[in-house]
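Hi everyone, thanks for making time this morning. I'd like to walk you through one structure, so let me put it up on the screen.

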Amino acid sequence: MRRTGIVIVAKQIVVTDDGLKKLQEELSFLKNVKRKEVVEAIRVALSFGDLSENSEYDEAKNEQAKVEARIQELEETLNHVKVIDENEVHTDSVNVGARVKVFNEKYKEEIEYTIVGSTEADPLTNKISDQSPIGTAILGSKIGQTVSVITPGGEMKLTILEISK
């Protein structure tokens with residue numbers, strides 16, 4: 001009988017310098033501030049006595065579990081990040097770190113997106129993930145190309161007008 005091993009390769013997570021700093025700041029805050037706040041909340045809740053009917057204790061323990069899970073998630077993310085150097089961002093085609101001005105044919109309007117890694121996505125500021133439907137569709141496109149994107153709101157056609165850093 002032959003044994004085969006399974007190798008799990010973690011996916012590389014692409015971030016900009018700003019994205020890396022935000023992840024590191026959040027991790028530092030959780031480890032150095034939030035953890036202490038939660039431990040104090042547990043200590044106070046324990047002073048109330050009977051744990052079987054102590055909702056403050058339950059809430060504090062639940063908060064502790066959330067904080068620890070987020071710390072673990074951030075540490076795992078940081079172990080697999082690849083920081084995009086601004087010098088690596090080229091303007092000959094759409095790639096992570098680039099600003100892209102597109103013309104949306106459906107709505108007859110120009111929109112500017114910044115393509116970022118999934119951990120930095122913020123649709124409200126037009127920072128879209130390279131893994132989002134629009135990000136995936138326009139990655140690698142060049143100025144003048146029109147791409148079709150299937151979104152939850154239906155199909156749209158985007159023409160690449162400009163690519164910058």
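Predicted model: local features only at pLDDT ≥ 70, side-chain atom pairs only at ≥ 80, totals over all residues.

Let's begin with T16, which sits in the loop between β1 (13-15) and α1 (17-46). Is T16 buried or exposed? With a relative accessible area of 17%, T16 counts as buried, because the cut-off for buried is under 20%. Leaving aside residues up to four places away in sequence, T16 touches V83, I84 and E120. With E120 there is also a side-chain polar contact, at 2.5 Å.

Now for helix α2, residues 55-79. At the start of α2, a side-chain oxygen of N54 comes within 3.3 Å of the backbone nitrogen of E56. Buried in this helix are Y57, A60, V67, I71, L74 and T77, and these residues pack against β1, α1 and β2 (81-83).

On to the pockets. The largest holds about 370 Å³ of space. Of its 14 lining residues, T16, D18, E86, G97 and T114 lie nearest the centre, so our threonine is back. By class, that lining has three nonpolar, three polar and eight charged residues.

The second largest pocket has a volume of about 200 Å³. Its lining includes R70, L74 and T77, and the largest share, five residues, comes from α1. Here the classes are two nonpolar, three polar and seven charged.

That's my tour, and I'm happy to take questions!

Key: Residues numbered from 1 in each chain as written. Heavy atoms only, no water. Helix = DSSP H or I, 4+ residues; strand = E, 2+ residues; numbered from the N terminus. Buried < 20%, exposed > 50% of the residue type's maximum accessible area, 1.4 Å probe, protein only. Polar contact = N/O pair within 3.5 Å; in protein donor to acceptor, adjacent residues only side chain to side chain. Contact = heavy atoms within 4.5 Å. 1 Å grid on protein atoms, 1.4 Å probe; cavity = no way out; pocket = protein on both sides within 12 Å on 5 of 7 lines; lining within 4 Å. Points joined across faces, edges and corners; volume = space filled by probe spheres on them. Nonpolar A, V, L, I, M, F, W, Y, C, P; charged D, E, K, R; others polar.
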